Each structure stands twice: as structure tokens, then as C-alpha cells.
Amino acid sequence: MTKDTDSNLIFPAGEKVSNEELRLDVLISKTTGSSRSWSKEQIKGGKVTVNGNKVLKPSSKVNVGDVFSWPELNSGPQEREIGHVDFEVVYEDDFLAVIEKPWGVVCHSGAGTRGLTLAEGLKHRFGELPGEKDREGLVHRLDRGTHGLMVVSKREKTHHDLQEMIRNRKVKRTYFAIVAGESVNLPKTISTKIARHPKNRKKFTTRVEEGRDAVTHVSSTNEGNGFSLVELNLETGRTHQIRVHLSESGFPIVNDDLYSGRKAKRESAGIDWDGFALVAKRLQFVHPETGKDCIFEASVPKQLSAFAEKVGLPL
């Protein structure tokens, strides 16, 4: 990708990309380092032109030599007010909060992260929080493409206690996923080593001799129309654990471009929404200060619910 002005990009000859990367929203997202949802907002809002013509469809294809531009090219979403970081507070007291993180929100800053993070939004909403710099309040995380529940600490002792509870497997985390394929042969427990992929550093893999223990329990499945609805419980919480375990078992999560390969690509499934078909649905733990049992349930994104209905797997 090359620039001819501060706000124009040219798609050059000889640049090899996949069919997925030929989408206008994907190119803008990758070029700016911004979220796919932000890129779609720019397009649908009439802010993007291709060869001087306004384009309103995020899935529009670009061709070699096309010039596309928009005023926000160099600003991106990081110029939003911190209060605009999108999440819902499900529960709150003096010690902790339970929040629902939507698709497209990054938990904390890291290499290549652009825009505001959940950690920044938490500080704006709750004030000063305990924890590492740029990760204040966070005791666990969800991937940017995962929707669902997270528990957040508001006091130093609660932060330590919650971390210990997660480490000692006293926080029950239940996920729902829609995967490609009918998962009748999916094992009830997937127990492996997991480590960063030796060739693709963005990925993790279980096909290693050395790594960290990773255990996922599959508690129920429901199959239909070439897809399956799977309920999972984490015993450990390694980076990309569910995504890797399902993909390398032959049942990749729908709309997870990094791990899905050909089976669950959005176009073949008729999908035009941003985020994985993966929801951190239920969170259960004993409150570290009050001793009360806490059980919380997340909502399901409307687009995912509609897709589940379409393939006969209502959530």
C-alpha cells in the first residue's frame, strides 16, 4: 500500500493479498491499525471514497490501482473521548465490578495497538484502579474479537484475591461458540500444551513439545446445517486457548479469521459482522469480600443471535 497524499492510499500492482483482504473495510483496518468496526463506521458514514466516488458498503472490493481516501486517515479512533470506550457495567460495588466487553474493544495496550483500550475506559468510568500500568483493574482478559463478561477489581486487596482465585481455578468461566462442522466427535476434555506458533507469531498452537498446560472442557454441543453450538468451560486461561483448541480439533470458530482457515470464512457463511462467534457467557465466583455466590450472564450480540437462528442453533 502506498500514499500519494496525506489522506490518499493507492492499492498497487503486484501486491499479493487474499480475497478476504480485498475488502475495503479490511484494507482500511490493516492500514490504520484500527478496529474493523471503526473502519465500517467510516465507510457507512460516507467518509470513504474510491477513485473519487463515495462508497457506502464495507464489503466492497478494491482493485489494483484503486485510490481510496478519507479525512480521518491519520487520526483514527484514538482521538475519541475516553468515555466513548464501549462497555456495559453489569454489576458494581465498592470492591469490584462485572462488565460486558463488546466486540472490537482491546483490553490493554500492546505492540501495534491503536485507539483507546478497555483499561483506559475503566479508569475513566471508575477512577484510579489497582494493577499494572496500562492494565489497571484487569485480572483477566478477552481477545478483541470476543464479546462477554469480565470481572474488574477496584481495590488492591480485591485485585490480589481475584488473581489468586483465577490462578486456583475458583472462578468458573463458561463460553458459547458457534463452530464450522458438526462436532459429534469433539472430545469432552481437550488437554494440551500450548505455545506461540513457531512460524506465525500472531498465532498459538498445541503442536509443540514444550508449552503451558491448557485445559478446556466441552460440556454440551448441538449440531445443525454444517455448524455446531458448543458450550465450554475453562480450567486454564491461556492466550487464544479456546480458539486454538477448537480449530486444531477440526472445528474452527465462525468468523475467526486467524484460526478458521477456509471452513469458517465469513463470505462462505454469509456473514458481514465483526467479531468471533464466541461469547464469554457466564461468570461464577464467590465474592472475595462478602463471601456471597455471584453468577452473571452476558447478552448475545444481535448479529450473532440472528446468525444462530439462521443456521438452526438458537442461543
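This is a predicted model: local features need pLDDT of at least 70, side-chain atom pairs count only at pLDDT 80 or more; totals for chains, interfaces and linings use all residues.
Which strands do the buried residues of H4 pack against?

The protein has 315 residues, and 50% of them count as buried. Its secondary structure consists of seven helices and 15 strands. Among contacts between residues at least 6 apart in sequence, 63% join residues at least 24 apart. The average pLDDT is 82, and 79% of the residues score at least 70. Over residues 9-21, however, the pLDDT is below 50, although this stretch has 37 contacts in the model beyond near neighbours in sequence. Residues 73-83 also stay under 50 in pLDDT, and the model has 26 contacts for them beyond four places in sequence.

Helix H4 covers residues 156-167, which makes twelve residues. From its first C-alpha to its last, H4 reaches 17 Å, close to the 16 Å expected at 1.5 Å a residue. Six of its residues are named as buried: Thr158, His159, Asp161, Leu162, Met165 and Ile166. The spacing of such positions can be read against a general rule. An α-helix has 3.6 residues a turn, so residues three or four places apart point the same way. The buried residues of H4 pack against strand E7 (96-101), strand E8 (147-153), strand E9 (172-180) and E14, which answers the opening question. After H4 comes Arg169, whose phi is positive, near 60°.

Strand E14 covers residues 278-286, and Ala280 is found in it. Ala280 is buried, with a relative accessible area of 5%. Leaving aside neighbours within four places in sequence, Ala280 is in contact with Leu142, Thr146, His147, Gly148, Leu149, Thr174, Tyr175 and Ala298. Leu142 is 138 residues from Ala280 in sequence, yet the two C-alpha atoms are 8.3 Å apart in space.

The next topic is the nonpolar interior. In soluble globular proteins, nonpolar side chains tend to be buried together. Here the largest nonpolar core has 61 residues, and those with the most contacts inside it are Leu118, Ile178, Ile253 and Phe285. Phe285 touches Leu96, Val98, Val151, Met165, Lys170, Val171, Lys292, Asp293, Cys294 and Phe296, not counting residues up to four places away in sequence. Met165 in that list is also one of the buried residues of H4.

In one of them, the rings of Tyr91 and Phe296 have their centres 5.5 Å apart and their planes at 40°, so the pair is tilted. Tyr91 lies in strand E6 (residues 88-92) and Phe296 in strand E15 (residues 293-297), so this pair ties together parts of the chain that are 205 residues apart in sequence. Are these two residues buried or exposed? Tyr91 counts as partly exposed, at 29% relative accessibility, while Phe296 is buried, with a relative accessible area of 11%.

Another pair is formed by Phe227 and Phe307, whose ring centres are 5.5 Å apart with the planes at 85°, so this pair is edge-to-face. Phe227 is in strand E13 (residues 227-234) and Phe307 in helix H7 (residues 302-310), so the pair links distant parts of the chain, 80 residues apart. Phe227 is buried, at a relative accessible area of 13%, and Phe307 is buried too, at 4%.

The segment after H7 includes Val311, which is buried, with a relative accessible area of 7%. Not counting residues up to four places away in sequence, Val311 touches Gly224, Asn225 and Phe227. Val311 and Ser228 are 83 residues apart in sequence, and their C-alpha atoms are 9.1 Å apart in space.

A last point concerns the cysteines. Cys107 is buried, with a relative accessible area of 2%, and Cys294 also counts as buried, at 9%. A disulfide is a covalent bond between the sulfur atoms of two cysteines. The structure holds zero disulfides.

How values were computed. Residues are numbered from 1 along each chain as its sequence is written. Side-chain values use heavy atoms; hydrogens and water are left out. Rings of Phe, Tyr and Trp (its six-membered ring) pair if their centres lie within 6.5 Å; planes under 30 degrees apart count as stacked, over 60 as edge-to-face and the rest as tilted. Helices (H or I, at least four residues) and strands (E, at least two) are DSSP runs, numbered from the N terminus. Buried means under 20% relative accessible area, exposed over 50%, partly exposed in between (1.4 Å probe, protein chains only). A disulfide is a pair of cysteine sulfur atoms within 2.5 Å. pLDDT is the predictor's confidence in each residue, from 0 to 100. Contact means heavy atoms within 4.5 Å. The expected span of a helix is 1.5 Å times one less than its number of residues. A nonpolar core is a set of buried Ala, Val, Leu, Ile, Met, Phe, Trp, Tyr and Cys residues joined through side-chain atoms within 4.5 Å.
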